[in-house]
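Dear colleague,

I am passing on the structure we spoke about, together with some notes on what turned up when I went through it.

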Amino acid sequence: DIIRLIPRSQEVYVGCVSKDKGKDVRSICSVGCFGCGLCAKAAVDGAIIMDGNLPEIQSGDMEKIANAVEKCPAKVFVMRGKEILRASPSE
């Protein structure tokens, strides 16, 4: 179950599909989601929820999820055709 269709209109998606616990994910994947939940807390109006250890986007409204995408320490969110501007570590 690692391949799924994503609607062409969906601009942002979660690039990880592992629902394993964080320690297990990190032991085999350096860029996988470890289920911290920061994205769900940062999203507006429940636009992102946690499905076990994996975030699930409920709303494609960029205004509701932009802060969540930025807060993700694992950087698992992928923007289709656009680069997410991130603050440099020195800022």
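This is a predicted model: local features need pLDDT of at least 70, side-chain atom pairs count only at pLDDT 80 or more; totals for chains, interfaces and linings use all residues.

With which residue does Asp 51 form a salt bridge, and how far apart are the closest N and O atoms? The partner is Lys 19, and the closest N and O atoms of the pair are 2.9 Å apart.

The salt bridge between Asp 51 and Lys 19 is the one salt bridge that the structure holds. The pair links distant parts of the chain, since Asp 51 belongs to strand E2 (residues 48-51) whereas Lys 19 lies in the loop between E1 and helix H1 (22-28), and the two are 32 residues apart. Asp 51 counts as partly exposed because its relative accessible area is 31%, a value that falls between the limits of 20% for buried and 50% for exposed. In the strand pairing, Asp 51 stands opposite Leu 54 in E3.

As for the overall fold, the protein has three helices and four strands, and these follow one another along the sequence in the pattern β-α-α-β-β-α-β. Of the 91 residues in the protein, 27% are buried, and the protein exposes about 6,300 Å², of which carbon and sulfur atoms supply 52%. Among the contacts between residues at least 6 apart in sequence, 48% join residues that are at least 24 apart.

Strands E2 and E3 pair in the antiparallel sense over four bridges. The hairpin that they form has two residues between the strands, and Gly 52 takes a positive phi near 70 degrees there. Besides the pairing of Asp 51 with Leu 54, Ile 48 stands opposite Ile 57 in E3. Ile 49 is also found in strand E2, and, leaving aside its neighbours within four places in sequence, this residue is in contact with Ala 40, Leu 54, Pro 55, Glu 56 and Gln 58. Ile 49 and Gly 37 are twelve residues apart in sequence, while their C-alpha atoms are 8.2 Å apart in space.

The largest nonpolar core contains 18 residues, and those that touch the most other members are Val 12, Val 14, Cys 16, Ile 48, Ala 68, Val 76 and Phe 77. Strand E1 (12-14), helix H2 (38-42), H3 and strand E4 (77-79) are the elements that give two or more residues to this core, and H3 gives the most, with three residues. Ala 68 illustrates how these parts meet: not counting residues up to four places away in sequence, Ala 68 touches Cys 39, Ala 42, Ala 43, Ile 48 and Phe 77.

Where does Ser 59 sit, and which residues does it touch? Ser 59 is found in the loop between strand E3 (54-57) and helix H3 (62-71), and, not counting residues up to four places away in sequence, it touches Ala 47, Lys 64 and Ile 65. A polar atom of the Ser 59 side chain also lies 3.2 Å from the backbone nitrogen of Asp 61.

Asp 45, which has its place in the loop between H2 and E2, has phi near 55 degrees, and Asp 45 is exposed because its relative accessible area is 66%, over the 50% limit. Lys 75, in the loop between H3 and E4, likewise has a positive phi near 55 degrees, but Lys 75 is partly exposed, with a relative accessible area of 37%.

Finally, there is Asp 24, which has its place in helix H1 and is partly exposed, with a relative accessible area of 44%. Asp 24 and Phe 34 are ten residues apart in sequence, and the distance between them in space is 8.4 Å from C-alpha to C-alpha.

With best regards

Key. Residues are numbered from 1 along each chain as its sequence is written. Side-chain values use heavy atoms; hydrogens and water are left out. A polar contact is a pair of N or O atoms within 3.5 Å; within protein, one must be able to donate a hydrogen and the other to accept it, and residues adjacent in sequence count only if both atoms are side-chain atoms. Contact means heavy atoms within 4.5 Å. A nonpolar core is a set of buried Ala, Val, Leu, Ile, Met, Phe, Trp, Tyr and Cys residues joined through side-chain atoms within 4.5 Å. Buried means under 20% relative accessible area, exposed over 50%, partly exposed in between (1.4 Å probe, protein chains only). A salt bridge is a side-chain nitrogen of Lys or Arg within 4 Å of a carboxyl oxygen of Asp or Glu. Accessible areas come from the Shrake-Rupley method with a 1.4 Å probe; for residues, only the protein chains shown count as cover. Two strands pair if DSSP finds at least two bridges between them.
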